[in-house]
Every structure is written in structure tokens, then in C-alpha cells.
There are 2 protein chains.
Amino acid sequence: MTTFNLWDTKARPAIVHDPSQEPISPQDLPWQNQIILGDCLTVMAQLPANCIDLIVTSPPYADARKHTYGGVDPDEYVEWFRPRAEQMHRILKPTGSFVLNIKEKAVGGERHTYVLDLIASLKKEVGFLWVEEYIWHKTTSMPGKWKYRFRDAWERLLHFSKSKEFKMNQSAVMVPIMDWTEKRLTNMSRNDLSRQPSGTNPKTGRRISAWLGRDKVYPSNVLHKPPICHNTGHSAAFPEWLPEFFIKLFTDEGDTVLDPFSGSGTTFRTARTLGRVGVGIEIRSEHVQR
Amino acid sequence: MTTFNLWDTKARPAIVHDPSQEPISPQDLPWQNQIILGDCLTVMAQLPANCIDLIVTSPPYADARKHTYGGVDPDEYVEWFRPRAEQMHRILKPTGSFVLNIKEKAVGGERHTYVLDLIASLKKEVGFLWVEEYIWHKTTSMPGKWKYRFRDAWERLLHFSKSKEFKMNQSAVMVPIMDWTEKRLTNMSRNDLSRQPSGTNPKTGRRISAWLGRDKVYPSNVLHKPPICHNTGHSAAFPEWLPEFFIKLFTDEGDTVLDPFSGSGTTFRTARTLGRVGVGIEIRSEHVQR
DNA sequence: GTTCCGCATGAATCGATAG
DNA sequence: ACTATCGATTCATGCGGAA
């Protein structure tokens with residue numbers, strides 16, 4: 001196993017296989033705890049079946065990064081994605097989950113339907129179960145003003161599974177109930193804080209003490225977090241909390257987490273930090289090279 | 001025009017037409033500022049083309065239980081909705097908008113795809129443009145704990161239009177910044193601060209006026225509001241802020257607002273209060289009768 | 001006139017049970 | 001086997017009654 005400083009973005013794991021070179025057999029590919037250089041379609045095809053517990057990924061959005069995958073046209077996105085999804089389905093364990101972070105693109109003033117078509121394809125053609133749609137509410141997204149739409153402040157986090165009985169550790173993602181960014185001030189802001197912002201209000205005190213009795217609460221399917229990420233050098237990087245949330249939720253320690261569109265490797269590093277086996281695949285060598 | 005106390009839920013406008021009776025011609029139907037008894041399919045068929053500026057509605061969600069409470073089976077939902085959507089498209093002005101509040105249902109451990117299928121149908125078969133998807137993040141959702149999912153805390157607010165050039169008054173829905181919360185809760189975004197008290201409470205109304213004069217910002221496409229409504233007697237009623245937001249955003253004073261699934265008439269009353277012409281259609285006579 | 005406290009109730013989901 | 005119905009679970013909120 002290659003060792004390296006997980007949080008030093010300069011020190012990346014070595015390239016273990018370049019698909020442009022001679023193919024190697026799966027048993028020869030030391031794919032665990034590695035970020036592998038190559039198109040995830042061909043790399044995943046070399047992995048054994050039922051070896052991955054969780055896939056968390058944010059694929060290139062349609063037409064978003066033209067210089068990498070040749071700029072996938074929105075109308076061709078589903079066809080482009082499907083063979084990769086078939087590999088994901090094959091290598092995922094029956095108890096595994098697949099979390100897909102994706103967003104529509106506005107084309108000609110309209111929201112394109114390729115994401116909806118993708119959900120239908122993953123369900124009907126690939127065989128995934130569409131379990132849930134989490135909403136990532138980006139609290140500090142980029143400002144902007146357009147004539148026919150407001151600031152886009154959310155993205156889809158689509159949860160698919162291979163079977164109805166998948167692994168889910170809900171207690172692992174319970175949040176402190178005093179986290180006011182999670183539990184907003186719906187009522188308190190109106191009734192309590194605005195009257196006596198000092199916090200000595202007996203009603204506020206009562207509420208806080210009631211909260212202290214139950215220190216943690218289950219989240220909902222709306223994840224309310226800022227889009228900040230640890231390494232700011234790359235554009236489309238995950239914020240760390242995102243893979244962390246789903247890794248804790250859908251895997252145990254020692255399980256294997258894959259990001260087929262690894263990018264700057266946030267999912268990979270988060271998995272390693274959390275004691276999971278990390279696997280990354282990235283086609284752009286500048287993200288993989290040491 | 002029938003006159004009545006808009007906020008007295010007991011005093012409803014008279015039934016102007018019972019579709020079970022002899023049909024009447026459109027010019028004989030005094031449909032403006034009325035809540036009309038009947039199936040919106042047949043009632044809308046009697047309205048002239050291009051007469052509505054905005055449709056804001058929350059149709060009955062799909063119900064897995066067949067034929068109870070008139071529930072529509074999820075597998076039949078798109079077929080049930082499409083002829084009604086065709087009428088909506090016909091009577092909507094070219095500059096008009098159609099806002100659809102709807103939510104999925106979990107069936108057999110999966111999210112049912114009827115809403116996604118509906119979007120595709122509205123776009124490809126009916127001819128609507130799918131402009132935007134607003135997220136209604138409900139601050140309070142139904143309780144419950146399940147093995148494979150968290151509580152569902154959001155609903156879709158789908159914005160369709162008839163043409164690319166639709167009416168949109170963004171400045172009409174700007175929200176004030178409350179700097180006292182910004183100081184206290186640095187993590188909260190501006191969008192979270194957009195929560196406005198319902199306005200029915202005179203105390204909070206005064207507080208809104210205190211905010212006036214401060215800086216205002218445009219909202220995002222995530223609306224973070226509680227699901228409560230003014231008249232608690234009826235179930236499944238819109239909260240008032242919802243039609244208010246879209247009526248201000250997509251119409252001017254004097255424009256015509258339709259809710260084909262009027263229910264307790266929240267959209268209708270809000271439209272009248274805001275100086276718009278209101279039109280409601282409701283199939284359950286107990287909601288329409290005086 | 002206020003504040004405090006109790007309690008009914010929601011666009012729900014799942015698994016068990018009954019027909 | 002398959003479908004329809006029922007009960008347990010869960011908790012923020014608003015309202016009314018009482019202090």
C-alpha cells in the first residue's frame with residue numbers, strides 16, 4: 001500500500017495503472033487505497049464484481065468541462081453515462097449504495113431533462129433502485145442575477161442502491177441538536193431572540209435545556225451546508241462534509257469507497273481518514289500525478 | 001363580481017357553474033373572481049384560450065391506495081394529469097407561468113418516478129418549457145423514523161412557461177436582510193434570513209416594517225419556509241407565502257391567477273388580496289359551498 | 001396582558017396482519 | 001401470492017387554558 005500524507009494535496013498517490021499501456025489482470029492491479037489514472041469505464045471493467053461498498057461521486061456535468069471528456073453533450077449524457085453505471089452496478093456489493101451528485105444545465109432558457117432521463121435509465125436499464133433524493137442546499141453559492149432565474153442554491157444528491165436491504169448506519173450521522181445551522185431558528189427567531197437577543201430569556205433557556213437533554217438528532221434529507229472545500233485549488237471539488245456524511249451513513253470501518261470521477265480526491269482522502277479503503281479513478285493525470 | 005370577506009373562510013363565493021348541469025358558453029360564464037365547482041378538466045375546457053397569466057397549484061399527490069379519497073394511483077398519475085395540463089397550456093397567456101407544487105411518494109422502498117415522468121410529459125407531450133425547479137425546504141416535516149430513509153423535508157416547486165419570454169418581476173420578491181441575525185449567526189446564509197413571518201401576526205407585521213429600508217437581496221431558488229397555513233381547519237392547504245411569492249414574481253396587478261385544484265382557496269384569496277383577478281376551480285363542493 | 005405548559009396533529013413510511 | 005388495511009413510530013408547531 002502506498003503511504004502518503006492524506007491531507008497534503010501536493011503528495012498524491014502514485015499512478016498504479018495507465019490504461020494506454022498494456023492491460024493487466026485484476027489480481028495484478030493493486031487498486032485498493034489508490035487513485036488510478038484512466039477512464040473510469042475501462043478501469044472499473046478491471047475490478048472484480050461485488051467489491052465496493054459505496055460509490056460517492058460527482059461526475060462531470062454535461063458540457064461543463066469540455067477539455068476532459070470531450071464535453072459531453074446534454075443530449076448524449078445518458079448514453080455516455082450508462083456503460084459506466086453498468087460497471088458501477090456490477091462492482092457494487094448487494095448491500096452497497098451509490099450516491100450521485102449531479103445538477104441540470106440550463107439550455108436555451110430551459111432546464112434540460114438529462115438528469116431526469118439519467119434517473120430513469122439507471123433504474124430501468126441499469127437496474128439500480130432509486131431510493132432517495134437528498135437536497136444539498138448550498139448556503140453560500142455564487143452570487144449572480146439572471147433575467148429569468150434566481151441564484152441556483154441547491155444540487156441533487158441521488159441515492160441508488162442495488163437491493164432494498166442496503167447498509168445504513170443512521171446513528172453515525174446524527175447531528176448535535178444545538179447546531180443552529182442545521183436546526184434553524186424557525187420559531188425562536190420570531191418569538192424569542194428578537195425580543196431579548198441577550199439570551200437570558202427564560203423561554204430560550206428552557207428550550208436550550210430541553211435540547212441539552214437530547215444531544216443528537218437525525219438529519220432530514222435536506223443537507224444544509226456551505227459549498228466550501230478544503231483544497232481550493234480545484235474548481236469542482238467536493239466539500240469534505242459531503243463524502244463524509246455518506247461514508248459514515250452507508251459504510252462501516254474497513255469498507256471500500258469508490259469515486260470513479262475522483263478529481264482532486266476529496267472522497268478518497270475522506271474515506272482514508274475515516275478508516276475506509278479508498279479507491280479513486282481519475283482521467284486527468286494532473287490530478288493523479290504526485 | 002361577487003363580493004365577500006376574503007379572509008373569512010366561512011364566507012365562500014357562490015357556485016357559479018355546476019358541470020353536471022347543462023353546459024354554458026364561455027361568454028356566459030362569469031369566471032373571473034370566482035371559485036367554480038367542478039372537475040378542472042371540464043371547467044378549464046370552457047375558458048377561453050390565452051386568458052390566464054399565472055397558474056399556481058398543488059394538485060392531489062399520487063396515492064398508492066386506489067380509489068380512496070379519490071386518490072390517483074402513481075402509475076396512472078401522468079395519464080390523469082396530462083389532459084388537464086393541456087387545458088392549462090391552452091388557457092395560459094404566452095407570457096404566463098405555471099407553478100406546480102408536487103412531491104414524490106415512497107413505494108416499495110423506492111422513490112416513485114411519477115413526478116419525473118410528469119415533468120417529461122409536460123415538456124414533451126404538452127409543450128411546456130421547464131424553466132426552473134425551486135425547492136421548498138420545509139422547516140418542519142412529518143415525524144417518523146425508518147430503516148432506510150430520513151424524514152422528507154422538501155417538495156418540488158416546478159416552474160413551467162409557455163414561451164421563453166415570460167413575465168418575471170424579480171424585484172417584487174426581494175427579501176430584507178436582518179443584520180441582527182447575521183451578527184449572531186455567522187454561518188447562516190442570506191437565503192435563510194429570507195424567512196418572513198406569515199404576516200398574520202400583527203406583532204411580526206410590525207417587525208417586518210421595522211426591517212424596511214434596510215438592504216434587500218434577491219432570493220435563491222431554495223425557499224426555506226414552514227408548511228403552516230392560515231386556516232388550520234383544512235388539510236393540505238397552501239401556506240400563504242407560497243402563492244404570494246409566485247404571484248408577486250410572475251404577475252402584475254390586475255393580472256389573472258388560476259388555481260385548478262383550489263382546495264380551501266388560499267391561492268384565490270391571496271390573489272385577490274394582492275389586487276389580482278382570482279380564479280379557483282374545486283371539485284369538492286364542501287370547499288366551494290358557502 | 002403575558003408567559004408557560006400541555007396536547008392534538010400533520011400531503012408519512014414500513015412491516016404485520018387479514019382477506 | 002398479492003393486495004388492502006392497521007398500528008407503531010416520531011416531533012415541531014400552534015393553540016388554548018391556566019398561572
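Colleague: By what turn can chain A be laid on chain B?

Modeller: This is a predicted model, and its two copies can be superposed with an RMSD of 0.4 Å. The shift along the axis is 0.1 Å.

Colleague: What percentage of the contact residues of chain A recur in chain B?

Modeller: In the contact between the chains, 58 residues of chain A meet 59 residues of chain B. The same surface serves both copies. The share of chain A contact residues that recur in chain B is 91%.

Colleague: How much area do chain A and chain B bury between them?

Modeller: Carbon and sulfur atoms account for 58% of the buried area. The total that chain A and chain B bury between them is about 5,500 Å².

Colleague: Which residue forms a salt bridge with Arg156(B)?

Modeller: The count of salt bridges between chain A and chain B is 9. In the one formed by Arg156(B), the closest N and O atoms are 2.8 Å apart, within the 4 Å cut-off. The partner of Arg156(B) is Glu133(A).

Colleague: Which strands stand at the edges of the open sheet in chain B?

Modeller: The sheet has 8 strands in the order β1-β12-β11-β2-β3-β7-β6-β10, with mixed pairing. Two strands, residues 34-37 and 222-225 of chain B, have a single partner strand each, so one side of each is left without a neighbour in the sheet. These edge strands are β1 and β10.

Colleague: By what angle are neighbouring strands of this sheet turned against each other on average?

Modeller: The angle is taken with direction ignored. On average, neighbouring strands are turned by 20 degrees.

Colleague: How many residues of strand β2 in chain A are buried?

Modeller: Strand β2 of chain A spans residues 52-57 and is mostly covered. Buried here means under 20% relative accessible area. The count is 6 of its 6 residues.

Colleague: What is the bridge partner of Ile55(A) in β11(A)?

Modeller: β2(A) pairs in the parallel sense with β3 of chain A over 5 bridges, where Val56(A) stands opposite Val99(A). β2(A) also runs parallel to β11 of chain A, residues 256-259, to which 2 bridges join it. In β11(A), the partner of Ile55(A) is Leu258(A).

Note on methods. Residues are numbered from 1 along each chain as its sequence is written. Chains are lettered from A and ligands numbered from 1 in the order in which they are written. This is a predicted model: local features need pLDDT of at least 70, side-chain atom pairs count only at pLDDT 80 or more; totals for chains, interfaces and linings use all residues. Side-chain values use heavy atoms; hydrogens and water are left out. Copies are superposed by least squares on the C-alpha atoms of residues with pLDDT of at least 70 in both. Contact means heavy atoms within 4.5 Å. Two strands pair if DSSP finds at least two bridges between them. Helices (H or I, at least four residues) and strands (E, at least two) are DSSP runs, numbered from the N terminus. Axes are lines fitted to C-alpha atoms, for helices over the stretch in contact, and angles run from 0 to 180 degrees between N-to-C directions. Buried means under 20% relative accessible area, exposed over 50%, partly exposed in between (1.4 Å probe, protein chains only). Buried area is the accessible area (1.4 Å probe) that two parts lose on being put together, summed over both. A salt bridge is a side-chain nitrogen of Lys or Arg within 4 Å of a carboxyl oxygen of Asp or Glu.
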